[in-house]
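These notebook entries record what I looked up, entry by entry.

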Amino acid sequence: MAIEGTAQVRHKAWLALEDHYAKIGKTEMKHLFAQDPQRGERFTLQANGLLLDYSKNRITDETLKLLFDLAEAAGLKAATEAMFTGKKINITENRAVLHVALRAPKGESIVVDGEDVVPQVHAVLDKMSGFADKVRSGEWKGATGKRIRNVVNIGIGGSDLGPVMAYEALKHYSQRDMVFRFVSNVDGTDFVEAVQDLHAEETLFLVASKTFTTQETMTNAHSARDWFLSKGGEEAGIAKHFVAISTNENEVAKFGIDTANMFGFWDWVGGRYSMDSAIGLSTMLAIGPENFRAMLAGFHKMDVHFRTAPLAQNMPVLLALLTVWYTDHFDAQTVAILPYEQYLKRFPAYLQQLTMESNGKHVTLEGKHVDTQTGPIYWGEPGTNGQHSFYQLIHQGTRLIPCDFIGFFKSLNPLGRHHDMLIANVFAQAEALAFGKTAEQVKAEGTADALVPHRVFEGNRPSNTILADELTPEVLGMLVALYEHNVFTQGVIWNINSFDQWGVELGKVLATKILGELEDKDQPDLKHDTSTNHLITLYRSKK
């Protein structure tokens with residue numbers, strides 16, 4: 001959110017950082033550590049059971065001061081309050097941005113358009129809990145009287161990435177006599193493989209679409225409906241095997257779903273911020289209402305921390321400012337997310353949408369072209385797999401790639417030396433990136449002169465290490481909220497709208513037009529560019 005009157009102050013803060021970068025940009029971390037024996041302890045922050053070690057960054061105390069000055073110049077605190085109090089900070093859609101209300105405790109009050117939304121949130125949560133208890137206990141029966149053993153979530157974007165990430169992350173806590181599948185791609189293979197080994201009479205479909213008109217989701221939903229009927233199901237049975245996460249009662253009823261089994265949400269919930277709304281029904285079915293509420297409590301703890309902690313002790317703010325520092329001054333184009341926890345294997349993919357759909361913007365809130373880089377590319381894989389894949393480029397490539405390592409002191413599945421080896425790799429990778437290996441060190445190992453350049457590690461490559469005791473529902477909530485507020489802070493600094501996504505629209509509109517042309521060979525007059533016209537003609541001939 002832009003705070004009027006801050007433009008000149010913001011510009012001054014940018015210039016101060018540019019001058020500072022010119023002085024210290026090439027400073028090596030090993031010298032910073034040598035000059036300050038307490039650096040590792042001083043540049044570590046703890047909040048609500050999360051620990052952030054940000055000492056292995058190319059920063060000094062002066063860097064941090066200037067970054068905090070920039071946050072103040074951008075009006076971060078005022079923007080934060082505007083979000084938390086329901087102001088319509090999504091200015092291009094005239095909407096409030098209130099994912100924080102989804103985890104607000106009972107008794108809190110957040111007013112939008114004169115209405116307190118917190119009671120509405122808890123009414124939906126209570127309805128979800130009642131439904132989840134019935135399905136998990138077997139009280140909810142399918143049309144033939146069999147209990148539900150399979151749950152298939154049909155959605156796309158935030159209606160898929162959040163639920164599938166949360167399910168995989170919290171699988172340890174899931175009800176193991178139930179099967180959970182997720183369908184998002186309009187590629188028919190996704191649906192066919194998801195239901196290949198399922199029995200229709202034991203399967204429940206969750207159709208997640210706010211409008212119940214999302215093209216990919218509804219195509220898959222109708223295929224699910226056809227599959228159910230083809231397996232001996234009857235029209236009347238659809239109401240026992242399909243529920244909707246939507247706000248469009250007419251379309252839901254037309255589909256055959258009982259609107260009593262429709263779970264709603266609000267236009268102030270963006271898709272990529274919706275995993276803790278009714279969109280998370282599959283998560284609640286998997287882990288149970290109690291664990292789901294523990295996850296919400298973790299979200300809320302990080303919300304309170306972000307809203308109240310001073311900038312210098314604020315974990316999301318620190319992560320965001322470091323990203324701005326590297327993106328806009330070191331020309332870093334990506335951020336690697338490296339969770340050393342197999343359960344978090346989908347966390348980098350989830351963060352891709354959260355970060356890149358939010359901050360992949362080229363104009364400011366005022367509609368002017370930005371004059372800085374925005375929205376770095378987020379990517380990653382779980383360790384140690386990534387070490388045998390792309391770490392070569394991170395260590396010895398020509399690009400600067402800041403990394404976030406995520407680890408846990410305890411394993412949910414202790415097995416011999418496995419966890420010690422896993423965490424040893426977290427600490428070793430961060431150390432190797434920061435300090436590297438000099439030619440002298442390589443030579444001292446007896447390496448032949450011709451091989452020395454190949455075995456040198458330049459080091460001075462930044463990383464953060466985020467640690468928690470173990471991966472619980474509460475900790476997952478804190479981690480997700482940590483990155484949500486990190487993204488918001490970046491957007492405030494860059495003066496962009498992190499909460500619209502017009503960039504996804506053009507391709508969808510064109511696809512609708514081209515779909516008709518692919519299906520109707522009697523449309524000879526194609527009016528695209530010559531490349532697209534040729535591809536359409538070729539597809540028609542091969543169909």
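**Loop residues**

I located N94 in the loop between α5 (76-84) and β3 (111-112); helices (H or I, at least four residues) and strands (E, at least two) are DSSP runs, numbered from the N terminus. I note that this is a predicted model, in which local features need pLDDT of at least 70, side-chain atom pairs count only at pLDDT 80 or more, and totals for chains, interfaces and linings use all residues. Residues are numbered from 1 along each chain as its sequence is written, and side-chain values use heavy atoms, with hydrogens and water left out.

I read a phi near 55° for N94, a positive value in a residue other than glycine. N94 counts as exposed because its relative accessibility is 52%; the cut-offs for relative accessible area are under 20% for buried, over 50% for exposed and partly exposed in between (1.4 Å probe, protein chains only).

I then went to D331, in the loop between α14 and β10. D331 is not a glycine, yet its phi is positive, about 60°. I also looked up T384, in the loop between β11 (377-379) and α16 (391-396). A cis peptide bond, with omega about 10°, joins G383 to T384. For reference, most residues other than glycine have a negative phi, and most peptide bonds are trans.

**Helix α13**

The 20 residues should span 28 Å, and the end C-alpha atoms are 28 Å apart, so the two agree. I listed the buried residues of α13, among them P289, F292, M295, L296, F299, H300 and D303.

**N220**

I found N220 in helix α9 (residues 215-230). Is N220 buried or exposed? N220 is buried, because its relative accessible area is 2%. Its side chain reaches the backbone oxygen of N185 at 3.1 Å; a polar contact is a pair of N or O atoms within 3.5 Å, where within protein one must be able to donate a hydrogen and the other to accept it, and residues adjacent in sequence count only if both atoms are side-chain atoms. Leaving aside neighbours within four places in sequence, I noted contacts (heavy atoms within 4.5 Å) of N220 with I154, V183, S184, N185, V186 and F191.

**Cavities**

I searched the whole structure and recorded 4 cavities of 30 Å³ or more. On a 1 Å grid over the protein atoms alone, a cavity is a set of points where a 1.4 Å probe fits but cannot get out, while a pocket is an open set with protein on both sides within 12 Å along at least five of seven lines; lining residues have an atom within 4 Å of a point. Grid points are joined across faces, edges and corners, and a volume is the space filled by probe spheres set on the points.

The largest cavity has a volume of about 100 Å³. Of its 14 lining residues, T323, V335, P402, D404 and N464 are the closest to its centre. Helix α14 (315-329), β10 (334-339) and β12 (403-408) each supply at least two lining residues, and α14 gives the most, with 5.

**Largest pocket**

I recorded a volume of about 1,200 Å³ for the largest pocket. Its lining has 42 residues, with I156, T214, V504, E505 and K508 nearest its centre. Two or more residues each come from α7 (158-169), α9, α15 (347-359) and α21 (505-519). Helix α21 gives the most to this lining, with 8 residues.

Conventions: Expected span 1.5 Å × (residues − 1).
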